[in-house]
Amino acid sequence: MVDPRWITFIIVLPCLVGVLDASAGDADPLYRDCVRECETTGCVRERCFTNCKFLLNGSSIDGPWYMQEPLFLHWRQWDCQSDCRYHCMVEREKERAAVNQGPVKYHGKWPFRRLYGFQEPVSVAFSALNLAMHFHGWLSFFILLHYKLPLKQDKQPYYDFTGLWHIYALLSMNSWFWSAVFHSRDVVLTERLDYSSAVALLGYSLILAILRSFNVRDEAGRVMVAAPLLAFITTHILYLNNYKMDYGWNMQVCVVMAVTQLVVWAVWAGMTHHPSRWKLWIVVVGGGLAMLLEIYDFPPYKGYVDAHALWHAATVPLTFIWWSFIRDDAEFRTSNLIKKVK
């Protein structure tokens with residue numbers, strides 16, 4: 001049972017991608033001059049920005065209080081520097097296109113076009129859709145267990161991995177939520193929340209892979225498996241957020257957890273006689289094919305759709321199949337357990 005977001009190396013995308021400060025675009029002298037002039041004058045050509053009349057902490061340099069930056073812009077931190085960088089990038093890309101030069105990255109990112117204030121609107125939309133798919137899957141899983149399948153005398157489900165999947169659902173929705181926020185505005189806070197959520201989900205998915213594939217049902221055994229991994233995951237997240245955002249080290253940690261999880265599930269899928277294992281293979285193969293979208297990185301089409309956005313789109317149907325497999329597993333396990341009771 002491999003999470004479609006984490007099945008292949010692309011599952012560690014938030015762990016692999018570091019925000020670079022030096023790219024071809026921001027090293028361009030014309031771009032640098034444009035940004036420097038904009039931060040001084042508050043204008044890029046004929047376009048001027050009221051944000052440049054205020055300090056980054058929101059205090060007015062000049063002008064009355066009603067001219068201050070709107071509150072709804074504060075959370076996205078569209079300050080003077082952000083606006084200057086964005087509009088200088090847009091102008092510079094127009095100039096490059098006029099002489100048949102392709103797009104280049106600025107500050108580690110492709111030149112995306114904002115839409116209603118969102119930095120990467122297509123990725124935001126598909127992240128939100130993935131969140132919705134996980135919620136739908138979790139809700140249908142809950143309804144199946146408590147209203148369609150037989151219950152024990154204490155009204156609890158027979159399925160002995162129920163609680164683990166509930167936690168998984170919450171972590172998945174949390175991770176996709178922060179993915180959407182991060183793609184709407186890439187700042188230090190949203191980056192750390194996205195990275196931390198991704199690592200937490202990846203680590204928990206590894207724990208769940210081990211517990212389910214080895215059919216660990218007793219509490220003592222689950223604690224023995226989970227405790228050291230949880231301790232490591234927690235320490236790693238604290239290290240990234242409080243000591244150093246080390247992208248290289250984070251990449252190594254995520255790759256090891258991802259590959260280990262992949263091997264565990266691959267072995268289990270090859271050995272089990274689960275009636276719905278074909279759904280698992282669809283997710284595995286589909287995730288592998290989706291990885292090609294990350295390998296073949298390309299600039300955003302029309303400034304909106306890049307390879308990463310298409311990967312987000314590919315995970316939507318995989319998530320549907322994934323939760324379908326989880327429901328089938330609940331039915332399969334419940335049926336077997338009831339037969340043993342009888």
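This is a predicted model: local features need pLDDT of at least 70, side-chain atom pairs count only at pLDDT 80 or more; totals for chains, interfaces and linings use all residues.
**Entry 1: around S127**

I started at S127, which, leaving aside its neighbours within four places in sequence, is in contact with W176, S179, A180, H183 and H312. By contact I mean heavy atoms within 4.5 Å. Residues are numbered from 1 along each chain as its sequence is written, and side-chain values use heavy atoms, with hydrogens and water left out.

S127 sits in helix α5. Helices here are DSSP runs of H or I with at least four residues, strands are runs of E with at least two, and both are numbered from the N terminus. I looked up the exposure of S127 and found a relative accessible area of 0%, so this serine is buried. The scale I use is buried under 20% relative accessible area, exposed over 50%, and partly exposed in between, with a 1.4 Å probe and protein chains only.

The side chains of S127 and S179 are joined by a polar contact of 3.0 Å. That term covers a pair of N or O atoms within 3.5 Å; within protein, one must be able to donate a hydrogen and the other to accept it, and residues adjacent in sequence count only if both atoms are side-chain atoms. I also checked V181: its C-alpha is 8.9 Å from that of S127, although the two are 54 residues apart in sequence.

**Entry 2: the whole chain**

I stepped back to the protein chain and found eleven helices and two strands. Along the sequence they follow the pattern α-α-β-β-α-α-α-α-α-α-α-α-α. Of the 342 residues, 49% count as buried. Among contacts with a separation of 6 or more, 74% are between residues 24 or more positions apart.

**Entry 3: the cores**

Which residues have the most contacts inside the largest nonpolar core? I found F141, Y159, W165, Y168, L280, W322 and W323, in a core of 30 residues. A nonpolar core is a set of buried Ala, Val, Leu, Ile, Met, Phe, Trp, Tyr and Cys residues joined through side-chain atoms within 4.5 Å. The elements giving two or more residues to this core are α5 (121–148), α6 (162–184), α7 (188–213), α9 (247–271), α10 (277–295) and α11 (307–341). Of these, α7 gives the most, with six residues.

I picked out Y159 and, leaving aside its neighbours within four places in sequence, listed its contacts: F141, L145, W165, R212, D329, A330, R333 and T334. A second, separate core has 14 residues, including V35, Y86, C88 and V104.

**Entry 4: the disulfides**

Taking a disulfide as a pair of cysteine sulfur atoms within 2.5 Å, I count three disulfides.

- C34 is joined to C88, S to S 2.1 Å, and with -85° about the S-S bond the link is left-handed. C34 lies in α2 (residues 29–41) and C88 in α4 (residues 80–98), so the pair ties together parts that are 54 residues apart in sequence.
- C38 is joined to C84, S to S 2.0 Å. The torsion about the S-S bond is about -75°, so this disulfide is left-handed. It also runs from α2 to α4, and so ties together parts 46 residues apart in sequence. Both C38 and C84 are buried.
- C43 and C48 form a disulfide with their sulfur atoms 1.8 Å apart. The torsion here is about 100°, so the disulfide is right-handed.

**Entry 5: helices with bends**

I checked α11, which has 35 residues and reaches 51 Å from its first C-alpha to its last, close to the 51 Å expected at 1.5 Å a residue. The expected span is 1.5 Å times one less than the number of residues. Where is the kink in α11 centred? It is centred on P317 and is about 25°. The bend at a residue is the angle between axes fitted to the seven residues ending there and the seven starting there.

Next I looked at α8, which bends by about 30° at A226, with a proline, P228, following within four residues. Its buried residues are G221, R222, A226, I233, H236, I237 and L240, and their cover includes α6, α7 and α9.

**Entry 6: R114**

Last, I looked up R114, in the loop between α4 and α5. R114 has a relative accessible area of 19% and is buried. Its side chain reaches the backbone oxygen of S82 at 3.5 Å.
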